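Here is a short report for a first look at this protein. Take a moment with the sequence and the model before reading on.

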Amino acid sequence: MFSKSKINEPGPSTDAAKPAAPPAPAPAAAPKQSEFKASAPKAKPPASILSADLHITGNMKTTGDIQVEGTVEGDIRAHLLTIGESATIKGEVIADDVVINGRIVGRVRGLKVRLTSTARVEGDIIHKTIAIESGAHFEGSVQRQDDPLNSGSAKPKHAAAPAAPPAGE
């Protein structure tokens, strides 16, 4: 009987002191966690990865990053686009940064375009800055523009405008 009372007496007094201490840090920790959560959405999400066994037919558009390892038949628009060595793109590529390790059949438009030694490009490249490593295969034309992302859509308008007056005359 004495053992029960001794266990019960120190236990509640010790437990009473402990619960008082943990609740105080818990509310303090909660605002810190919400502060971290508030800063977490500001962090840039990781790149979307399209694996080597994936075949996509259709266009893709994102403000984020994409890493393509598979096959895409369609246009791709992204912030940073990385074309893996096993990747094949058949369509137009538009991105702020384009790193090409694989194959593209179509136009490439980017502020920064980089063809690595394993790159295979069949199409025109419109860029602000370009780097072509030794060993890269490229068939097409290269054109430098200050704003290659938007001027490509303006070019058809310019081409249509001069063609319209002679057609009207």
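**Ground rules**

This is a predicted model, in which local features need pLDDT of at least 70 and side-chain atom pairs count only at pLDDT 80 or more, while totals for chains, interfaces and linings use all residues. Residues are numbered from 1 along each chain as its sequence is written, and side-chain values use heavy atoms, leaving out hydrogens and water.

**Overall build**

The protein has four helices and 14 strands. Both are DSSP runs numbered from the N terminus: helices are H or I with at least four residues, strands are E with at least two. The chain counts 169 residues, and 28% of them are buried. Buried means under 20% relative accessible area, exposed means over 50%, and partly exposed lies in between (1.4 Å probe, protein chains only).

The accessible surface comes to about 10,600 Å². Carbon and sulfur atoms hold 58% of that surface. Such areas come from the Shrake-Rupley method with a 1.4 Å probe, and for residues only the protein chains shown count as cover.

How many of the contacts between residues at least 6 apart in sequence join residues at least 24 apart? The share is 7%. A contact means heavy atoms within 4.5 Å.

**The core**

The largest nonpolar core has 22 residues. Such a core is a set of buried Ala, Val, Leu, Ile, Met, Phe, Trp, Tyr and Cys residues joined through side-chain atoms within 4.5 Å. V68, I76, L81, I83, I89, I100 and V108 touch the most other members. Four strands each supply at least two residues of this core: β4 (65-68), β6 (76-83), β8 (93-100) and β10 (108-115).

Look at I100. Leaving aside neighbours within four places in sequence, I100 is in contact with I83, V108, V113, R114, L115, T116, A119 and V121.

**Strand pairing**

Two strands pair if DSSP finds at least two bridges between them. β1 and β4 pair in the parallel sense over three bridges. Here L50 has V68 of β4 as its bridge partner. β4 also pairs with β6, in the parallel sense, over four bridges. In that case D65 is partnered by L80 of β6. In a regular strand the side chains alternate between the two faces of the sheet.

**Two loop residues**

Is A52 buried or exposed? A52 is exposed, because its relative accessible area is 53%. A52 sits in the loop between β1 (48-50) and β2 (55-57). Beyond neighbours within four places in sequence, A52 is in contact with E69, G70 and S86. A52 and A87 are 35 residues apart in sequence, yet their C-alpha atoms are 6.9 Å apart in space.

N101 lies in the loop between β8 and β9 (103-105). N101 is buried, because its relative accessible area is 18%. Neighbours within four places aside, N101 is in contact with T82, I83, G84, E85, T116, T118 and A119.

**Salt bridges**

Side chains of opposite charge can pair when their charged atoms come close. A salt bridge is a side-chain nitrogen of Lys or Arg within 4 Å of a carboxyl oxygen of Asp or Glu. The whole structure holds five salt bridges, including these:

| Side chains | N to O distance |
|---|---|
| E92 and R107 | 3.7 Å |
| R103 and E122 | 3.3 Å |
| D146 and R144 | 2.8 Å |

The E92 and R107 pair links distant parts of the chain, 15 residues apart. E92 is in the loop between β7 (88-90) and β8, and R107 is in the loop between β9 and β10. R107 is partly exposed, with a relative accessible area of 36%.

R103 in strand β9 and E122 in strand β11 (residues 120-122) are 19 residues apart, so this pair also links distant parts of the chain. R103 counts as partly exposed at 32% relative accessibility. E122 counts as partly exposed at 33%. D146 counts as exposed at 56%. Salt bridges that share partners join E92, R107 and R109 into one network.

**A nonpolar patch**

Which residues make the nonpolar surface patch of about 220 Å²? They are I130, I132 and V142. Patches are made of residues with over 30% relative accessible area and no salt bridge: like charges are joined within 9 Å, nonpolar side chains (Val, Leu, Ile, Met, Phe, Trp, Tyr) within 5 Å. V142 is in strand β14 (residues 142-144). V142 counts as partly exposed, because its relative accessibility is 42%.
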